[in-house]
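Trainee: Could you walk me through this one? I'd like to begin with the pockets.

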Amino acid sequence: MTILFEMIRTVITNASQRLAAAGIENPRLDARILLAHVLGISSNDLILSTTIIPSEALAKFELAIARRTKREPLAYITGEKEFWSLPFAVGPGVLIPRPETETVIEEAQKLFPDPNAALRILDLGTGSGILLLTLLHLYPNACGTGVDASADALRWAKANAMALGLESRAVLGQHDWDEGVEGTFDLIVSNPPYVARDVVAQLEPELSFEPRSALDGGLDGLDAYRALAPVLARRAASGGAILLEIGADQGASVPAILEGAGLKISHVASDLAGHSRVVVAKKALETGR
């Protein structure tokens with residue numbers, strides 16, 4: 001047992017030194033996660049494991065470390081990223097889920113506290129499906145539509161819907177925003193590209209592996225919101241709710257765009273870091289004639 005512990009520790013130490021030299025922020029953690037991944041155990045169980053590291057696993061670990069030293073995202077190497085305690089498959093062609101996006105889910109639960117609500121949900125730019133599928137998981141009587149212009153992203157979303165057992169309640173299609181979408185929805189969510197174009201090139205190297213179309217929001221980062229505003233006005237049901245993720249510096253500009261489309265802004269919610277993160281809006285109730 002002591003020999004095994006020393007072996008694992010040595011392997012992790014050597015790998016973490018290589019990762020640190022490549023500029024990885026948390027090299028030892030990444031090394032542990034990657035070794036646990038190739039061994040098929042959790043990183044928390046790694047040190048307690050009595051599994052002997054076979055040569056095949058060491059070879060896979062070496063390949064994984066080599067990929068990480070080139071700054072390929074950890075989630076692409078492991079093929080999975082957790083969101084709202086659910087496992088989502090991710091890889092090339094789709095944006096990796098970020099913890100700040102969970103603010104959208106938190107705000108949805110505040111707006112709709114009844115978990116039995118039979119919501120109609122629309123996710124515009126669904127990517128790997130994290131928003132739509134998490135909401136369908138939390139609201140078992142809900143159904144939803146997720147659209148994305150990227151065929152690659154939709155393949156990941158469909159795989160995740162199947163893995164989570166939600167494919168019967170999720171309609172996923174390749175569309176530009178609401179092209180091909182019918183009806184109105186009680187809740188519309190979206191995490192559109194919102195990084196200003198000149199900033200994209202300055203982001204950490206890992207982001208160069210992710211689809212630029214999911215990040216680049218145009219010259220000022222607001223192109224997607226301008227395109228979305230009339231879509232939201234069309235697709236939100238009377239009194240329907242809208243939750244849009246935004247950049248930390250867009251807490252005034254995005255609400256102004258939505259107001260220009262006739263939508264009512266409720267508030268801008270902050271993420272756990274205290275940054276503006278989600279615009280909460282509603283479509284006004286339509287009065288009968």
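Trainee: Which helix gives the most to the lining of the second largest pocket?

Mentor: That is H9, with three residues, and both helix H6 (130-138) and helix H9 (223-235) supply at least two residues of this lining. Helices here are DSSP runs (H or I, at least four residues) and strands are too (E, at least two), numbered from the N terminus. Please keep in mind that this is a predicted model, where local features need pLDDT of at least 70 and side-chain atom pairs count only at pLDDT 80 or more, while totals for chains, interfaces and linings use all residues. Residues are numbered from 1 along each chain as its sequence is written, and side-chain values use heavy atoms, with hydrogens and water left out.

Trainee: Which residues lie nearest the centre of the second largest pocket?

Mentor: Gly125, Asp148, Pro193, Ser213 and Ala214 do, out of 34 lining residues, and the space in this pocket comes to about 580 Å³. A pocket is an open set of points on a 1 Å grid over the protein atoms alone where a 1.4 Å probe fits, with protein on both sides within 12 Å along at least five of seven lines, and lining residues have an atom within 4 Å of a point.

Trainee: And how much space lies in the largest pocket?

Mentor: The largest pocket holds about 1100 Å³, and of its 35 lining residues the closest to the centre are Ile33, Leu74, Ala75, Glu80 and Lys81. Helix H2 (27-39), helix H4 (74-78), strand E1 (80-83) and strand E2 (86-89) each give two or more residues to that lining, with the largest share, five residues, coming from H2.

Trainee: New topic: how many aromatic pairs are there?

Mentor: A search of the whole structure finds one. The rings of Phe83 and Phe88 have centres 6.3 Å apart and planes at 80°, so they form an edge-to-face pair; rings pair if their centres lie within 6.5 Å, and planes under 30 degrees apart count as stacked, over 60 as edge-to-face and the rest as tilted.

Trainee: Is Phe88 buried or exposed?

Mentor: Phe88 counts as buried because its relative accessibility is 0%, and Phe83 is buried as well, at 1%. Buried means under 20% relative accessible area, exposed over 50%, and partly exposed in between (1.4 Å probe, protein chains only).

Trainee: Last one: where is Thr145 found, and what is it in contact with?

Mentor: Thr145 is found in strand E4 (residues 143-148) and is buried, with a relative accessible area of 17%. Leaving aside neighbours within four places in sequence, Thr145 is in contact (heavy atoms within 4.5 Å) with Ile121, Leu122, Asp123, Leu132, Val171 and Phe185.

How values were computed. Phe/Tyr/Trp six-rings, centres within 6.5 Å; stacked < 30°, edge-to-face > 60°. Points joined across faces, edges and corners; volume = space filled by probe spheres on them.
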